[in-house]
Amino acid sequence: MVDPIAQALDGRAGPLAQASAEGITTFGSAPLHGGELPGLMTPELVNLVGPGLTAATAALLVAASCPGLDVVLLSTSSRAHWQDALAAVASPLDTDRLRSVIRAVAPR
């Protein structure tokens, strides 16, 4: 998930740009307690995404903020988690903050 976000932020060709160029709606899966992003969320990275967030909601916010991603599919198990998800995606990250987050997790 990190590579497509980095490509979209940098305007490089990647799966999101390619799909968009072909008129294809893009979907991303962002389960609140699984997938690649939650495992990358250290306390420092969560704080960079947004102070006070959980690792799961920070990961969801990163996914939902990706340029070129049209739909984020969610999977959760309780009403409280749905409320967390709604709160997490209510205000997407601005491009500069998203770029900082991706740089913090990108392999060097």
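**Close-up A. Pro67 in its loop.** Pro67 sits in the loop that links helix 5 and strand 2. The model shown here and in the other views is predicted. Pro67 has a relative accessibility of 30%, so this residue counts as partly exposed. Buried would require under 20%, and exposed over 50%. Apart from neighbours within four places in sequence, Pro67 is in contact with Ala8, Leu9, Leu16 and Leu98. Gly28 is 39 residues away from Pro67 along the chain. The C-alpha atoms of Pro67 and Gly28 are 12 Å apart.

**Close-up B. Ser65 and its contacts.** Ser65 belongs to the loop between helix 5 (55–64) and strand 2 (71–73). Its relative accessibility is 11%, so Ser65 counts as buried. A polar atom of the Ser65 side chain lies 2.8 Å from the backbone nitrogen of Leu93. Neighbours within four places in sequence aside, Ser65 is in contact with Pro92, Leu93 and Leu98.

**Close-up C. Packing of helix 1 and helix 7.** Helix 1 spans residues 2–10, and helix 7 spans residues 95–105. The two helices pack at an angle of about 135°, with axes 10 Å apart. Helix 1 and helix 7 are therefore oblique to each other. Their crossing is left-handed. Helix 1 contributes Val2, Ile5, Ala6, Leu9 and Asp10 to the contact. Helix 7 contributes Thr95, Leu98, Arg99, Ile102 and Val105. By class, this contact of helix 1 with helix 7 has 7 nonpolar, 1 polar and 2 charged residues. Leu9 and Leu98, both part of the helix contact, are also among the residues in contact with Pro67.

Notes
Residues are numbered from 1 along each chain as its sequence is written. This is a predicted model: local features need pLDDT of at least 70, side-chain atom pairs count only at pLDDT 80 or more; totals for chains, interfaces and linings use all residues. Side-chain values use heavy atoms; hydrogens and water are left out. Axes are lines fitted to C-alpha atoms, for helices over the stretch in contact, and angles run from 0 to 180 degrees between N-to-C directions. Helices (H or I, at least four residues) and strands (E, at least two) are DSSP runs, numbered from the N terminus. Angles under 35 degrees count as roughly parallel, over 145 as roughly antiparallel, 65 to 115 as roughly perpendicular and the rest as oblique. A crossing is left-handed if the near helix is turned anticlockwise from the far one by less than a right angle, and right-handed if clockwise. Contact means heavy atoms within 4.5 Å. Ala, Val, Leu, Ile, Met, Phe, Trp, Tyr, Cys and Pro count as nonpolar, Asp, Glu, Lys and Arg as charged, and the others, Gly among them, as polar. Buried means under 20% relative accessible area, exposed over 50%, partly exposed in between (1.4 Å probe, protein chains only). A polar contact is a pair of N or O atoms within 3.5 Å; within protein, one must be able to donate a hydrogen and the other to accept it, and residues adjacent in sequence count only if both atoms are side-chain atoms.
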